[in-house]
Amino acid sequence: ENVKCDKYISALSRLLSNYNGELSARTASTMLYNIRHLTSYNPQSRAMLASIVNVLQRQDNLVLDGRRFSSALFGCQLLSAKHSEVRQLLKCLADISMGCVLDYRGVAMSLYGIRDMSSDYAEVRRILRILSQAIPSSSDPTLPPQVVASALYGLQSLSCRHKEVRTLLRRLGLIVTTCTGPYTVHEITQSLYGLHRMRHPAALLVVSHLTAQIPHFVGSLTSSGMAMGMYGLRSLESKHAEVRSLMKALSQRLRGQFEVLGENMTFKEVSMAMCALTNKDSRFPEVRAMVHDMANLLDTYMNTKDSRGEEVDLRGLSMICRSLSYLRPNDDGVHAILQSVCRMVDDAARRGMRLDREGLECVCESLRRMHSHHSTVRKLLLTYTPLVARQQGILDGQCVAVCLRSMCGLSSDHDEVRVFVSHLAEMLSAAMSSRCTLDPIQLSEALYGMQGLSTSHAEVRSLLECISVAVTRSEGKIGGMSASEVSRSLYGMHNMCASHWTATPLSSCDDSGAENSIDQGIDFNPVGTIVTHLAQELSVCSTPLSAHQLAMCVYGLRSTTCQHPHSRQLLNIVAAHASRCSTSSFSSADVANALYGLQGVSSDVPASVTLLRVLRRALHKSRDSLQREEIVRCVRGLATMKTDNTEVIAVLDILTTRVNEMTEAFSFEQLEVMFLGLKDHDCSAPG
């Protein structure tokens, strides 16, 4: 990292390029071991790596045993596989070390050496296969904790998406359980940090071992150690009991230390520690306990940061926002965290921070499980708005999908949501002017996220108009959506009413101010445009709708009526799918949602009668499991059906029987909704 060093490396590279002699295994291993302080981000270092590769490739009889192979890999610890010279070096090492046998220390050194190498590259995965095969099969009760920590730390850049990583992780799990400890605090945090990409059950054996060691580790925890250890939990999912046990052990061992450490932590360390809450569901008590610990940590940090001159940066704020995406705002600890995040965002907004595209995605993702009926969530939206308004750059389809998908718990009945939506609509309009398109998955995610938004609000209509422009551009490309994507899209449309538009053309302008001709002359109704597109996709879908997907599709129609041609078209296609559905596969919730979606449909429409027949049979089979709220939905869905229809009468008879069997009373609100469903019926009809 200085000029003299660069000159020296360049001189060595020239010497190596002119070397034509033989190398012994010891010399080759030592040469690579000694480059352990060089980074491949330095051009001179990469040139020297290329020279080393050329020398190795000229060797005819060079073979590395396990000890030499592990030493050579250990020297690669600052090299990244994104550089072609590093990948060539890995290929050479794999070629000259096939069949080598490693001891536990050799495995640890090797993994530690590839700590910055992504398993996305084939050359890295080949090394992993060699390491998996070379791991000793026998246990070693004298295995030092330092060896285990080094091995686990080396996993930090690997992803469990790849079979080679999962195989290696399983083999390592069998090894680490033989280590009896005690671990130092540094070894525990180092081990945990190495797991931060391990989102797979293969990691659970390692997690269980570390959990057992946490109560007994020796040494004092530092702020950087806390950040590393907590960051390692970010990919571990709380649905696994082993992960929850680990969280409980950490909370118990570190109780009282979060506030103390928070006084001295940097913002980077705080944001890393907060990542422990990623992929954690706050319905579990162990998660809620850690949420309270993190709330104390954040509060202490926010109260002391100004005196230390600490400032919030975009990357750290993005990490904290992303960690919120799995929490539910129905817990005091979550509310306390949201309050601290509001203070952070306020601070960032006052300093004029601008979000880049990744930052915008993280801010929106933090809302993923939030519901706007909580005042703290609305306050968070209010503090986000200035940052979102100053977002830099044009959105692409992926960013649009992420931002809208994360809004599924927000209701446009709240002012704060509508203001937030209006800024998103402006950005989306600019993206459409720049010819942004949405692929089938992105369209599905975007529409699904709009389920709490209603077109009775102008801000939502603006947003939907932009999406319909993207749909219009995809005409002629029908056939890309799966049944799941169509059903999710329609479900997100259940508050979208075509009657909120008159036939007016929408024009958008490009950067030069000229109108885009593709958007002119449309008899414009965004709901009609989108529903027609989804109906066409469903008509050519190769797989039939499942019962649950069918219910989602019908539920998506609840704000429309059969006065609109696009609704009738979709209803006919959904009815055709319904006739192929097995009635035994419907849950009571599926039947209730589907019937509820028919509330704007008349029984004079043949397709609705087909749907009613299928749902009546499914209702008969699932009658005993019907809950009060599901009965309410079923009755409300029959609002526009005529009681001279035999299928309607049959459904009412089944519901009456179930109501008579119930012992719990309906609430006044539930009775009110059911009477709304019955108010236009002829009370002389038998049902």
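A pocket here is an open set of points on a 1 Å grid over the protein atoms alone, with protein on both sides within 12 Å along at least five of seven lines; a cavity is a set where a 1.4 Å probe fits but cannot get out, and lining residues have an atom within 4 Å of a point. Points are joined across faces, edges and corners, and a volume is the space filled by probe spheres set on them.

You're looking at a predicted model, where local features need pLDDT of at least 70, side-chain atom pairs count only at pLDDT 80 or more, and totals for chains, interfaces and linings use all residues. Residues are numbered from 1 along each chain as its sequence is written, and side-chain values use heavy atoms, leaving out hydrogens and water.

**Stop one.** Select R234, T278, R322, C362 and E365: of the 20 residues lining the largest pocket, these are the closest to its centre. That pocket holds about 440 Å³ of space. (Helices are DSSP runs of H or I, at least four residues, numbered from the N terminus.)

**Stop two.** Next, pick Y193, Y231, K268, R315 and M319, nearest the centre of the second largest pocket. About 330 Å³ of space lies there, and α15 supplies the largest share of the lining, four residues.

**Stop three.** Head for the largest cavity, with about 90 Å³ of space. Its lining includes V185, F217, M226 and L254.

**Last stop.** Show Y104, L143 and I175, among the residues lining the second largest cavity. About 60 Å³ of space lies inside.

Notes: Helix = DSSP H or I, 4+ residues; strand = E, 2+ residues; numbered from the N terminus.
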